[in-house]
Amino acid sequence: MKKFSVVIAGGGSTFTPGLVLLLLANQDRFPLRALKFYDNDCARQETIADACKVILKEQAPYIEFSYT
């Protein structure tokens with residue numbers, strides 16, 4: 001099955017970790033290759049990205065993760 005790359009605009013939102021968990025729960029129907037967050041608020045983005053980095057490392061270390 002084809003794997004997808006997803007960009008979350010507004011990645012610094014407090015809703016983002018929930019979206020990540022939702023995507024991970026549906027890997028059988030929507031497999032991810034890469035996940036990238038974009039947000040124009042650097043401080044907020046970094047806080048949320050650090051939390052999501054832990055989630056991905058524990059549940060899906062094969063998914064490429066980055067943020068800007």
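Predicted model: local features only at pLDDT ≥ 70, side-chain atom pairs only at ≥ 80, totals over all residues.
A pair of aromatic rings is described by the distance of the centres and the angle of the planes. By such a rule, the structure has three aromatic pairs. One of them joins Phe4 and Phe30. Their ring centres lie 4.5 Å apart, and their planes meet at 5 degrees. Planes under 30 degrees apart count as stacked, so this pair is stacked. Where do the two residues sit? Phe4 belongs to strand E1, residues 4-9. Phe30 is in the loop between H1 and strand E2. The pair therefore ties together parts that are 26 residues apart in sequence.

## An edge-to-face pair

Phe37 and Phe65 form another pair. Their ring centres are 5.0 Å apart, with the planes at 85 degrees. Angles over 60 degrees count as edge-to-face, so that is the label here. Phe37 lies in strand E2, and Phe65 lies in strand E3, residues 64-67. This contact thus ties together parts that are 28 residues apart in sequence.

Is Phe37 buried or exposed? Phe37 has a relative accessible area of 0%, so Phe37 is buried. Phe65 has 22% and counts as partly exposed.

Three strands make an open sheet. Their order is E1-E2-E3, and the pairing is parallel. E1 and E3 stand at the edges. Each has a single partner strand, so one side of each has no neighbour in the sheet. On average, neighbouring strands are turned by 15 degrees against each other, direction ignored.

How many bridges join E1 to E2? There are six, and the two strands run parallel. Ile8 has Phe37 in E2 as its bridge partner.

## The helices

Helix H1 packs on the sheet and touches E1 and E2. The direction of H1 makes about 170 degrees with that of E2. Helix H2, residues 42-59, packs on the sheet too. H2 touches E2 and E3, and its direction makes about 170 degrees with that of E3.

Leu22 sits in H1, which spans residues 16-25. Its relative accessibility is 52%, so Leu22 counts as exposed; the cut-off is over 50%. Leu22 and Phe65 are 43 residues apart along the chain. Their C-alpha atoms are separated by 16 Å.

How values were computed: Residues numbered from 1 in each chain as written. Heavy atoms only, no water. Helix = DSSP H or I, 4+ residues; strand = E, 2+ residues; numbered from the N terminus. Buried < 20%, exposed > 50% of the residue type's maximum accessible area, 1.4 Å probe, protein only. Phe/Tyr/Trp six-rings, centres within 6.5 Å; stacked < 30°, edge-to-face > 60°. Pairing = 2+ DSSP bridges. Axes fitted to C-alpha atoms, helices over the stretch in contact; angles between N-to-C directions. Contact = heavy atoms within 4.5 Å.
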